[in-house]
There are 2 protein chains.
Amino acid sequence: MRRMSAPQTSGQTTDTPVVAAARRAQTAAAALAPAPRSTRDAALEAIARALTDGTEAIVAANADDIARARAAGTPESIVDRLTLTPERIERIAADVRDVVGLPDPVGQVQRGSTLPNGLELRQIRVPLGVVGIVYEARPNVTVDAAALCLKSGNAVLLRGSSSAHASNTALVAVLRDAVQEAGLPADVVQLVPGESRESVTELMRARGLVDVLIPRGGASLIRTVVEGSTVPVIETGTGNCHVYIDEAADLDSALEILVNSKAQRPSVCNAAETVLVHAGIADTFLPRALDALTAAGVTVHGDDAWQKAGEAAGTKVLPAGEQDWAEEYLSYDIAAAVVPSLDAAVEHIRTWSSGHTEAVVTRDTAAARRFTALVDAAAVMVNASTRFTDGSQFGFGAEIGISTQKLHARGPMGLPELTSTKYVITGEGHVRG
Amino acid sequence: MRRMSAPQTSGQTTDTPVVAAARRAQTAAAALAPAPRSTRDAALEAIARALTDGTEAIVAANADDIARARAAGTPESIVDRLTLTPERIERIAADVRDVVGLPDPVGQVQRGSTLPNGLELRQIRVPLGVVGIVYEARPNVTVDAAALCLKSGNAVLLRGSSSAHASNTALVAVLRDAVQEAGLPADVVQLVPGESRESVTELMRARGLVDVLIPRGGASLIRTVVEGSTVPVIETGTGNCHVYIDEAADLDSALEILVNSKAQRPSVCNAAETVLVHAGIADTFLPRALDALTAAGVTVHGDDAWQKAGEAAGTKVLPAGEQDWAEEYLSYDIAAAVVPSLDAAVEHIRTWSSGHTEAVVTRDTAAARRFTALVDAAAVMVNASTRFTDGSQFGFGAEIGISTQKLHARGPMGLPELTSTKYVITGEGHVRG
């Protein structure tokens, strides 16, 4: 614990339950950090086994959450996300086994050199320490996040939603037993005590005990954490993604990419929310785009040009305003505008983008180069769907989230993004002259 | 500008001067980001020339600050740090020319692969955008920071101390003219308007406009920024560094490293503040250490064992308590304790370290390995002085500060640490199935 920034150094008696949990996590993290890969992998294998063995208890606990959710009138789509079946638990266990096989980031040498004075310098990846995750609904995140943190040598503090509290409690009990069985302190995996908002606030204020906080969920949760936390935060997930169809686009390809970006899975952060079309192809492209989007069940919120095209085609186009340019619909809706140039598209994106994923469709190499140079986002797609921004798609094996901030990690975060570095400098009595 | 997080999107009329400056910086950053290295280097060359040409005006402005400082009874050591002479300005210009020669971080490909589906993935270094620096006294930081930000493609908002306001104003005027001469917007370099504390607060709240804030200065400044900022912060510089003399240390070497770590330049963050000695060598080492430290002008604040050794040697040892373990003296003072084991030293460091630099002196490879594995700090020295934690010493050419946090950058920050990354993914009509 760092004296400068940590909550009181003495007086554990005055710790709130959340601070006490964070303190235990920090102690456990110190024991975990030097553990070799074999120990961490053994713990993951034990977790996978324990999930299978504990299926009955987990499903029973999950049934309580489901019953509460239904009693509260929760929509069935949310209930479905909450639901754990033996098959789903088996898939979660398989995901944990996949994490075992991923390359170990801990101990990787990032840079190294022998300095002119003979000092040997190495920059080595080390665990961050204590990672806090604040997330909503889906209880599979409990296991996924714990597995990635454990693999990267971090203790984890899990703060799921109260709607999944029984499920999360059962899952974490299974995880802790398994971790301990592998010879690691159970406290490397903890559920944050308390279901109140206050417990999230305390977690956000545990600077010096918690090394990073990763919020995963809706925009409001993320904004709360980002704005209120003194613990460093990695902002994730808000995706107001654009597809720009350039004057030099292959229009067949543009249609496919547009529909895929919007409608293949509209509820996720890498789905497109706005289409921008170059004026030079608007007359040809807009009618085809309206057909294709309508066929995919998408409602268009368009500017004047799109509204006129809608009238001509007999397709209903709702009028779009600032609210639509700003909106992350996460539904079968898309905002649509015609722009006079690539630079105007870039300007629109600069104004409204959340910095997640932006796509250009063009056959013109100069246009592709200019778009990728000028657009500032975690991912820029050239002639590809926005839906590809994803840790698994990128070949990272798994992801803890998609960062939309610029510090530390940007885009899909895999295991290396859950580490920090340490310089180790070795001399033979070197002093500075 | 990101709608989600930026201060009002419309209504520039309601912007405070600080927010307006941040907005101008963001616009300038967008113009600077795609500028090739040749343009950025030309701007740096122009700055170096302009500093020489503008020496007279800079020295005159500096004289005002010096007069004000002396009138306010400022100690001469601080006045010296504030002073700019033609020779010092020439050295600052030479430092800018050195930055020209450093490798360009922008555009470096960090990772790259062709995915199984044929998508080409590259992770490319890009500028962060707008970097805010809040710093104290020394006006050379104004130029150093601007040069490093410009080289790495970032716009910079400089918020120096009010004691150097006239000097900083003159320097920034020179920088802005030079940057413009090279064809870049002058607003890539700006002094934050206003000398009040309120202007720092506004800078700290300009989330969405300022991408990162780097405080450089005393512990109180850093704490204020770290705790109050909604803009992401990189914590720098607090160094409560330890030297641990192991049972298996070469005692001659240990003495040299200890004295160098403490007394070669006590006012800087990589100077040692505490020495921990293994009990097995205390009887031999403590008297020698007291001699050497006293000869170097260092006052020892010791535990019982050190106080006894002091009595035996006729050397005054002040009693040490928690306050001393926590203290970053930045003076000719050192806290001193005897520990029963390497693990006890690690535990002491874990409790009190600020995570900057920790050193072990030992001839035992197992002890060195255990110390480097267990101690969690930006830099761990084996048989070398703590004073080596420094961007220039590490061969980075220059540094914008020494990060003591774990996210984004840890240890001396060079040009790569002033960048983020962007994934560029190129396909030929790829959609997700």
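Just after helix α12 of chain B, G314(B) takes a positive phi of about 70 degrees. The structure is a predicted model, in which local features need pLDDT of at least 70, side-chain atom pairs count only at pLDDT 80 or more, and totals for chains, interfaces and linings use all residues. Residues are numbered from 1 along each chain as its sequence is written, chains are lettered from A and ligands numbered from 1 in the order in which they are written, and side-chain values use heavy atoms, with hydrogens and water left out.

Helix α12(B) spans residues 304-313, and its buried residues are W306(B), A309(B) and G310(B). These three cover an arc of only 105 degrees around the axis, so they lie on the same side of α12(B); the arc is that of the directions from the helix axis to the C-beta atoms. An α-helix has 3.6 residues a turn, so residues three or four places apart point the same way. On the other side of α12(B), D304(B), K308(B), E311(B) and A312(B) are exposed. Here buried means under 20% relative accessible area, exposed over 50%, and partly exposed in between (1.4 Å probe, protein chains only). Helices (H or I, at least four residues) and strands (E, at least two) are DSSP runs, numbered from the N terminus. The cover over the buried residues of α12(B) includes α11 (279-295) and β9 (299-302) of chain B, where contact means heavy atoms within 4.5 Å.

Chain A and chain B each give 82 residues to their contact. The size of an interface is often given as the accessible area lost when the parts come together. For chain A and chain B, the buried area (1.4 Å probe, summed over both) is about 7200 Å², 53% of it on carbon and sulfur atoms. Across this interface there are 8 salt bridges, each defined as a side-chain nitrogen of Lys or Arg within 4 Å of a carboxyl oxygen of Asp or Glu. E235(A) forms a salt bridge with R207(B), and their closest N and O atoms are 2.5 Å apart. On the side of chain A that touches chain B, the largest share, 11 residues, comes from β16(A).

Within chain A, the domain assignment, which is automatic or from a database, gives domain 1 (16-235 + 409-426) and domain 2 (241-391). The C-alpha centres of these two domains of chain A lie 35 Å apart. I78(A) is located in helix α4 (residues 76-82) of chain A and is partly exposed, with a relative accessible area of 36%.

Key:
Buried area is the accessible area (1.4 Å probe) that two parts lose on being put together, summed over both.
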